[in-house]
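I opened this one today to follow a single helix and then the nonpolar packing. Here are my notes, in the order I looked things up.

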Amino acid sequence: MLQDQKVSFSGVQPSGNLTIGNYLGAIRNFSTFSEQYKCFYCVVDSHAITVRQVPADLRRRTYETLALYMACGLDPEKNTLYVQSQVSAHAELAWMLNCFTMFGELSRMTQFKDKSAKHADNINAGLFTYPVLMAADILLYQTDVVPVGIDQKQHVELCRDIATRFNALYPDTFTIPEPIMASSGKKIMSLADPTKKMSKSDENTNAVVYILDDKDTIIRKFKRAVTDSDTVVRYAEGKDGINNLMTIYSCYTGKEFDEIEREFDGRGYGDFKLAVGEACADALAPVQARFRELMADKAYLEEMMKKGAAEASYYARKTLSKVQRKLGFVQLK
Ligand code: AQP
């Protein structure tokens, strides 16, 4: 890392098949920092186990998520791409930061409330302290910017609070990070219930468009998307379904909302939904082709994992050692 070079960090959980929400809200924006920032993008498998995972699925999705990072345009020579559990400093710093995070703060996290309602039979301590591990992920790299979807903004704000508190006690330890959200696509909604975020763990697969869905499936899902009884393609309050489809169409075509309204003036929802499906499927086709090539070469993916983990560990260890020193832990030479 060059001196004064800014740092970008983010992660995606291999907790399901990645969605166009993960892509438009987060991954698509990762590469915008590649040229000027030192970038660390992580497959956050340790976060994924806060909800029960089938081990074989978690393992496969870890490879897939890394391959998708690359297929979406992240060059492993310009970005440090790695797997969280392969850099043990994340878990170590998380423990230390747990001692600087308040119970009340964690209780207020909306994702904890949502996920504990959804997994009432498994409200484990990891689900509760998830934001502390996320703070450790970010702070280990002295991160300046965290490109995320809007649902993760609250966690980045808590990370800032933890870092500020720590710095007040032990000056100049951490850089205070900023969450960066895409101007369009920061919250892609479910196709079945457009008042709800599109999530990879949604049980209703028709509510979600996965990055790896084939063209026919994508078009079928958009055709079934919940809209309203109006027939005009217009961005307006109360038209959550159409607003969401317009947002997706805009993200894939670069068209503004007024341009989209003019394009579909006098045409029904059927035409519009087909156009959204086609734009999305066409944009995903090259990503899917590259993904298939990468997945056919596990040895290469493992080589990239090793390289990424070694690079990430080098920077993470520096911060960890600084924190240990500040806290008064005895460090042996
Ligand atoms: N629907 C979304 N719209 C925009 N951005 C989104 N992100 C997730 N869903 C949307 C962003 O994707 C990044 C990775 O998310 P994550 O894997 O850390 O977990 P999440 O936020 O909990 O995403 P999911 O898909 O809803 O996962 P599950 O179902 O496992 O909980 C983040 O930057 C997130 O904001």
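The entries below go from the helix to its partner and then to the cores.

**Entry 1: the model.** I am working with a predicted model, so I read everything here as computed.

**Entry 2: helix α3.** I began with α3, residues 55–71. Is α3 mostly covered or mostly open? I found 12 of its 17 residues buried, including L58, R61, E64 and the run from Y63 through to A71. Just after the helix, I noted that G73 takes a positive phi of about 110°.

**Entry 3: its partner.** Next I looked at how α3 packs with α13, residues 298–327. Their axes lie 11 Å apart at an angle of about 85°, and the two helices are therefore roughly perpendicular, since 65 to 115 degrees counts as such. From α3, I listed Y63, L66, A67 and M70; they meet K298, Y300, L301, E302, M304 and M305 of α13. By class, this contact has eight nonpolar, two charged and no polar residues.

**Entry 4: the cores.** Which residues touch the most other members of the largest nonpolar core? Among its 61 residues, they are I20, Y69, F222, Y252 and F272. Both α3 and α13 are among the elements that supply at least two residues each, while α12 gives the largest share, 12 residues.

Conventions:
Residues numbered from 1 in each chain as written. Predicted model: local features only at pLDDT ≥ 70, side-chain atom pairs only at ≥ 80, totals over all residues. Heavy atoms only, no water. Axes fitted to C-alpha atoms, helices over the stretch in contact; angles between N-to-C directions. Helix = DSSP H or I, 4+ residues; strand = E, 2+ residues; numbered from the N terminus. Parallel < 35°, antiparallel > 145°, perpendicular 65-115°, else oblique. Contact = heavy atoms within 4.5 Å. Nonpolar A, V, L, I, M, F, W, Y, C, P; charged D, E, K, R; others polar. Buried < 20%, exposed > 50% of the residue type's maximum accessible area, 1.4 Å probe, protein only. Core = buried A, V, L, I, M, F, W, Y, C linked by side-chain atoms within 4.5 Å.
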